[in-house]
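User: I have a structure open and want to go through it with you. Can we take it piece by piece?

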Amino acid sequence: MAFFFFFFFYCRGFMGQWDAYICLCGPQHAAGGSLFQIGRLSTVELEEEVTADEDSLRGQAREIPHTEKLLSLKYESLDYDNIENQLFLEEERRMSYMGFRCLEISRWVVCGLIGFLTGLIACFIDIAVEKLAGLKYEVIRRNIENFTETGGLSISLILWCGFNAAVVMLGSILVACFEPIAGGSGIPQIKCYLNGVKIPRVVRLKTLVVKVFGVICSVVGGLAVGKEGPMIHSGAVVAAGVSQGRSTSLKRDFKMFEYFRRDTEKRDFVSAGLLQVSRKSTFRFTGGVLFSLEEGASFWNQMLTWRIFFASMISTFTLNFFLSVYHKKPGQLSNPGLINFGRFESESLEYNIYEIPSLFNFLNYWLTIFRIRYVHRPCLQVMEAMLVAAVTATVSFTMIYFSNDCQPLAPENNEEYPLQLFCADGEYNAMATAFFNTPERSVRSLFHNQPGSYNPLTLGLFTLTYFFLACWTYGLAVLCGILLASISTSGSLWADPGKYALIGAAAQLGGIVRMTLSLTVIMVEATGNVTYGLPIMLVLMTAKIVGDYFIEGLYDIHIKLQSVPFLHWEAPATSHWLTAREVMSSPVTCLSRIEKVGTIVDTLSNTSTNHNGFPVVMQVGGNDEPAKLCGLILRSQLIVLLKHKRKLQLKDFRDAYPRFPPIQSIHVSQDERECMMDLSEFMNPTPYTDTSLPRVFKLFRALGLRHLVIVDEENRVIGLVTRKDLARYHLGKHGLEELQLAQT
């Protein structure tokens with residue numbers, strides 16, 4: 001009854017708030033509200049006071065106003081640009097050639113550790129899913145067989161729904177109540193992190209633990225999702241932790257890799273962890289490196305490519321070695337490829353299924369909008385997850401129950417949990433093979449079974465059903481190309497279902513996430529046949545062009561819906577007439593090169609201007625004249641200086657990284673407030689200055705800048721540019737548009 005109640009509540013909340021949705025979006029279109037005045041900083045406060053009338057409606061679904069025209073102010077930037085102050089330069093000058101060589105060796109060691117640990121995590125997830133899913137399907141299969149002849153299959157349905165809902169409830173409670181950032185695939189968040197956006201708690205140890213158990217519960221619970229996205233996030237968390245040589249969550253410092261305790265080095269290791277366990281069943285070494293380059297990393301260099309390649313080899317070897325030991329085949333490594341098309345020859349292929357991904361992304365976009373507005377409480381999120389699990393089990397059971405596609409149980413059909421149901425002896429229900437399995441085993445069956453193992457109706461119903469279930473749960477569907485293959489005569493070589501399955505899978509995945517180069521290499525490596533490269537490239541380019549015409553890729557959609565100040569590869573096409581001076585924030589809060597401690601404390605404590613970077617200036621003329629720029633200093637540096645109250649070394653700043661204490665936790669006496677602090681040794685003396693907007697965009701994107709100081713012709717500070725000033729401009733339907741800034 002809880003599921004039906006929630007479903008009614010779900011729909012009632014949506015319909016009841018429809019008028020509010022019209023009121024929110026209608027005036028913008030009616031009055032041309034999608035265009036904002038360029039250079040004008042407009043903010044929107046989403047927190048509203050609850051009146052007495054509204055307080056009585058707390059039990060009903062409350063809408064959180066949300067539109068894609070917002071840019072959140074809660075996200076800060078990472079310091080990907082090295083702070084070359086006096087402390088840093090002195091340390092670099094003291095380091096010998098052998099010291100630099102040792103650092104390079106340490107980077108290789110860290111990448112090896114990342115590969116080993118992520119391989120272990122992938123092995124643990126695989127074994128846990130295999131054991132728990134096997135137990136579930138075996139119990140349900142026996143129950144179905146017992147009730148097939150005697151009647152009472154409704155009990156089997158209840159058992160299936162109850163098991164799925166219970167397992168999914170456990171996973172959703174872990175995510176919703178303990179670590180919400182661990183929800184979903186994690187790929188959009190990691191893309192933002194590598195782009196230079198500080199996503200809170202995205203690479204914490206607690207996030208990793210919840211993510212691992214959450215993906216196990218999701219797959220075992222029968223949701224239309226896979227392990228691939230969460231594995232990418234898990235690898236990134238491992239990389240972020242191992243590279244620092246300590247755990248801030250466990251409060252353990254191993255006094256290792258201290259040189260890497262800064263955002264620039266940490267970013268490179270996270271790029272390495274991005275591919276370690278990403279789609280471990282299909283990614284080989286080269287494809288994994290290209291995936292990290294194409295989909296994740298915003299900053300790249302040649303040496304990073306080789307280190308990632310090495311780490312990927314270590315991860316794959318570790319995973320396969322322990323899986324072979326677990327399966328009691330220590331002398332034979334498990335085949336890392338999920339697909340084996342060595343028996344197929346290259347022939348001409350046809351493909352026109354690529355238009356489906358646009359529908360997938362469009363539906364998922366509106367479902368995500370609905371979740372943001374209405375399903376924002378942890379209890380509702382848990383109930384929705386249980387509802388999806390129960391609906392998935394119910395739909396699967398219904399499809400199996402009414403299917404009459406009976407296939408002979410031949411030795412070459414290696415089915416894990418064959419269901420006979422109403423089929424004759426020696427036959428099994430083909431629909432059950434697709435639904436009554438984990439997603440990985442279903443894909444293996446669809447790719448490897450002999451031609452004629454499924455009839456077209458079975459494949460069509462399964463594809464359509466799984467498509468919408470995956471859209472609801474934000475999974476990656478890779479099965480839409482098989483229906484086309486099954487329509488043809490199974491005896492014809494040119495119509496081999498495996499070829500169409502391969503092309504359809506590539507088209508579906510590429511159309512959803514807009515992968516092209518990396519996915520081509522991945523599929524070629526998986527098949528071991530380079531002749532598939534040309535048709536796969538044609539399909540992926542077609543899927544990308546058609547998909548981009550209708551809507552953005554799935555990862556970009558979710559990044560936009562989270563209002564993250566994400567910087568794309570290029571600035572908006574029509575922004576060349578703008579300069580940094582026209583988009584900067586002013587007036588600027590500056591600090592003198594020799595500043596009073598009390599002034600610094602008051603500046604950092606000012607909640608109305610919660611800045612993270614402050615230009616350091618020197619007054620050369622009268623007090624009415626703007627001061628000249630000397631450098632730039634960060635909030636984190638000032639906090640460490642105020643905390644230690646002594647002459648510091650670079651090691652003191654690295655020990656405080658990345659969880660710098662808040663200014664409220666630092667006590668400064670009245671006498672100390674009158675002391676003076678010289679910032680010359682700690683500031684970055686060479687910050688970037690004014691230029692055109694596209695060039696500013698490239699500086700932020702390519703160099704990982706966090707602040708850009710704007711000065712006039714006499715080097716006097718007049719403004720400051722951050723990534724939020726750039727990210728709020730984008731190319732819309734009516735030209736260059738400006739997003740509103742929201743305090744969320």
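User: Start with C675. Is C675 buried, exposed or partly exposed?
Analyst: Keep in mind that this is a predicted model. C675 has a relative accessible area of 39%, so C675 is partly exposed.

User: And C217, buried or exposed?
Analyst: C217 has a relative accessibility of 8%, so C217 counts as buried.

User: How many disulfides does a search of the whole structure find?
Analyst: The search turns up one disulfide. The bond joins C406 to C423, with an S to S distance of 2.1 Å.

User: Which hand does the link of C406 and C423 have?
Analyst: The link is left-handed, with -80° about the S-S bond.

User: How accessible are the two ends, C406 and C423?
Analyst: C406 counts as partly exposed at 27% relative accessibility. C423 counts as buried, at 8%.

User: Step back a bit. What does the secondary structure come to?
Analyst: The protein has 29 helices and 18 strands. Of its 744 residues, 54% count as buried. Among contacts with a separation of 6 or more, 76% are between residues 24 or more positions apart.

User: Helix packing next. At what angle do α8 and α9 pack?
Analyst: Helix α8 (residues 205-220) packs on helix α9 (residues 228-242) at about 160°, and their axes are 10 Å apart. That angle makes α8 roughly antiparallel to α9. The crossing of α8 past α9 is left-handed.

User: Which residues make the contact?
Analyst: From α8 there are T207, L208, K211, V212 and V215, and from α9 there are P230, H233, S234, V237 and V238. By class, that contact has six nonpolar, three polar and one charged residues.

User: What about α7 and α22, what is the angle there?
Analyst: Helix α7 (residues 187-195) and helix α22 (residues 554-561) pack at about 75°, with their axes 9 Å apart. The two helices, α7 and α22, are therefore roughly perpendicular to each other. I187, P188, K191 and C192 of α7 meet Y555, D556, H558 and I559 of α22. The contact of α7 with α22 divides into five nonpolar, one polar and two charged residues.

User: Switching to single residues. Where does V110 lie?
Analyst: V110 is in helix α5 (residues 97-150). V110 has a relative accessible area of 0%, so V110 is buried.

User: What does V110 touch, apart from residues up to four places away in sequence?
Analyst: V110 touches V242, S243, F257, F260 and F269.

User: Where is D79?
Analyst: D79 is in the loop between β3 (76-77) and α4 (86-94). D79 is buried, with a relative accessible area of 19%, which is under the 20% cut-off. Not counting residues up to four places away in sequence, D79 touches D263, T264, L634 and R706.

User: Last one, the prolines. Is the bond from S586 to P587 cis or trans?
Analyst: The peptide bond from S586 to P587 is cis, with omega near 0°. P587 is in the loop between α23 (580-583) and β9 (591-592). The bond from Y657 to P658 is cis too, with omega near 0°, and P658 lies in the loop between α26 (650-656) and α27 (670-673).

Key: Residues are numbered from 1 along each chain as its sequence is written. This is a predicted model: local features need pLDDT of at least 70, side-chain atom pairs count only at pLDDT 80 or more; totals for chains, interfaces and linings use all residues. Side-chain values use heavy atoms; hydrogens and water are left out. Axes are lines fitted to C-alpha atoms, for helices over the stretch in contact, and angles run from 0 to 180 degrees between N-to-C directions. Helices (H or I, at least four residues) and strands (E, at least two) are DSSP runs, numbered from the N terminus. Angles under 35 degrees count as roughly parallel, over 145 as roughly antiparallel, 65 to 115 as roughly perpendicular and the rest as oblique. A crossing is left-handed if the near helix is turned anticlockwise from the far one by less than a right angle, and right-handed if clockwise. Contact means heavy atoms within 4.5 Å. Ala, Val, Leu, Ile, Met, Phe, Trp, Tyr, Cys and Pro count as nonpolar, Asp, Glu, Lys and Arg as charged, and the others, Gly among them, as polar. A disulfide is a pair of cysteine sulfur atoms within 2.5 Å. Buried means under 20% relative accessible area, exposed over 50%, partly exposed in between (1.4 Å probe, protein chains only).
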